[in-house]
Amino acid sequence: MKILVIGSGGREHALVWKLAQSPHATHLWCAPGNAGIAQERLAGNGARVECVNLGAEDLPALLAFARQQQIDLTVVGPDNPLALGIVDLFQKHGLRIWGVNQQAAQFESSKVFSQRFMEKYGIPTAAAGSFDDVAAAKRFCAALGGKCVVKADGLALGKGVLICSHQAEAERAVDEIMVSKAFGAAGARVVIQEFLEGIEVSLHALCDGATARIFPTSQDHKRALDGDLGLNTGGMGTYSPTPFLTDAQLAEAARTILEPFLRGCREEGIDYRGLLYPGIMLTQDGPKVLEFNARFGDPETQVYLTRLENDLVELLDASVNGTLDRHELKWSPLASVCVVMASGGYPGHYAKGKVITGLDAANALPHAKVFHAGTAAKDGHIVTNGGRVLGVTVLGEDLKTAQAAAYAAAEKIHFEGAHYRRDIGAKALRPGA
Ligand code: AMP
């Protein structure tokens, strides 16, 4: 099978790495890919993965490439091409593609759409309101006592969510999003949610339009610095599984979230084939959905795919075909930890082109895999080429072992300005967790 993966981050490296292990894969391309992706080889025939210099949002060029190479399955990593309708476009031209269509991508691209859907179909979520009127929005914040979360409706590079602790702050947040248009058109409408206390976890479920197969839990670390301090980032590390939900509680969460989700999709005529990634708060009243994403998480994918024992080509194929009910997901009992190594200054300004050393030594450690995110090849070296540079991912017998091994691997890697959090997984190792 000829496969094309779209994207260039750590998530896409993990997808390529896992797809390359499948005997079904005969050719594998990645657009645009990165230096680590370009080093992967197919397990079946030893062929190298080829990176193609096409942007993930250049839909016409991607379509032309897929037609020319007669790609059998295209796999979409990031949210933007999904929201732009790449799946609809490829399908219109008779090409098989994995990922949600434009209608289903609205669960991520519009918070108002998601919130209304959750309320209509009884999916547990925060008390919330959707507004296109500034005064009404502020009145709703006041009704919540000012302690609330103001969210721009549209895609805002993960930045359109403002957490407020009192009314004046909430009014400033509404003004920033709706009046000053800090996030552009994404802020024409807002969702305002009550502030929920609890532990946050990521859920993932693979869907085929009728069936959803839930993954084990994982936990992301969004802030740049240890102890959840510093600025928000794309994600500084993950681990799986978490101790915060038992298997029975996870099954219960799947029932209360995924069943009404699938029923709602059926009733609204939404054909949800792809990955559903709900961000969840574990509150005293049970798990509540904060938001839906319509693609794999980054860096959640790195810990999930190192634990997944199924053939990923077969699973994604089943997700496209609507035959997921014939597949059970199989997971390694080992724990996985991914530590993201970032460029100095990230998530603010950072330099590129710093030479990275120690990658082979880190990869040579048992159960270790260094996924590349922002890297490039230059003059025979691998150099930094983005904010999040690497996802050092290691499996261990339990979380503590995996965590120690991930940090031992990260210590082998060097580049000027490198920084990473030292507490990935620490919350789960605290007594009583
Ligand atoms: P979102 O993009 O909607 O997931 O929001 C980004 C982050 O803001 C989440 O990962 C949470 O940490 C936080 N957040 C969002 N909604 C709420 C809420 N209702 N209560 C508390 N924290 C929230």
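His204 sits in the loop that links β10 (199-202) to β11 (205-208). Strands here are DSSP runs (E, at least two residues), numbered from the N terminus. The model is predicted: local features need pLDDT of at least 70, side-chain atom pairs count only at pLDDT 80 or more, and totals for chains, interfaces and linings use all residues. Residues are numbered from 1 along each chain as its sequence is written, and side-chain values use heavy atoms, with hydrogens and water left out.

**His204.** Is this residue buried or exposed? At 0% relative accessibility, His204 is buried. Buried means under 20% relative accessible area, exposed over 50%, and partly exposed in between (1.4 Å probe, protein chains only). The His204 side chain reaches the backbone nitrogen of Gly297 at 2.9 Å. Leaving aside neighbours within four places in sequence, His204 is in contact (heavy atoms within 4.5 Å) with residues including Arg213, Phe215, Tyr277, Phe296, Gly297 and Tyr304.

**The ligand.** The shell around the ligand holds 13 residues. The closest are Lys151, Glu194, Leu196, Glu200 and Glu291. By class, seven are nonpolar, one is polar and five are charged. Here Ala, Val, Leu, Ile, Met, Phe, Trp, Tyr, Cys and Pro count as nonpolar, Asp, Glu, Lys and Arg as charged, and the others, Gly among them, as polar. Four strands each supply at least two shell residues: β7 (148-152), β8 (161-164), β9 (190-194) and β18 (286-293).

| Residue | Protein atom | Ligand atom | Distance |
|---|---|---|---|
| Lys111 | side-chain N or O | oxygen | 3.2 Å |
| Lys151 | side-chain N or O | oxygen | 2.7 Å |
| Leu196 | backbone N or O | nitrogen | 2.8 Å |

Taken alone, the ligand exposes 470 Å², and the protein buries 86% of that (Shrake-Rupley method, 1.4 Å probe).

**The cysteines.** How many disulfides does the whole structure hold? A search finds zero. A disulfide is a covalent bond between the sulfur atoms of two cysteines. The cut-off used is a pair of cysteine sulfur atoms within 2.5 Å. For Cys51, the closest cysteine sulfur is in Cys30, 5.5 Å away, so it is too far for a bond. Cys51 is partly exposed, at 33% relative accessibility. For Cys164, the closest cysteine sulfur belongs to Cys148, and at 4.8 Å that is also too far for a bond. Cys164 is buried, at 3% relative accessibility.

How values were computed
A residue is near a molecule or strand if one of its heavy atoms lies within 4 Å of it. A polar contact is a pair of N or O atoms within 3.5 Å; within protein, one must be able to donate a hydrogen and the other to accept it, and residues adjacent in sequence count only if both atoms are side-chain atoms.
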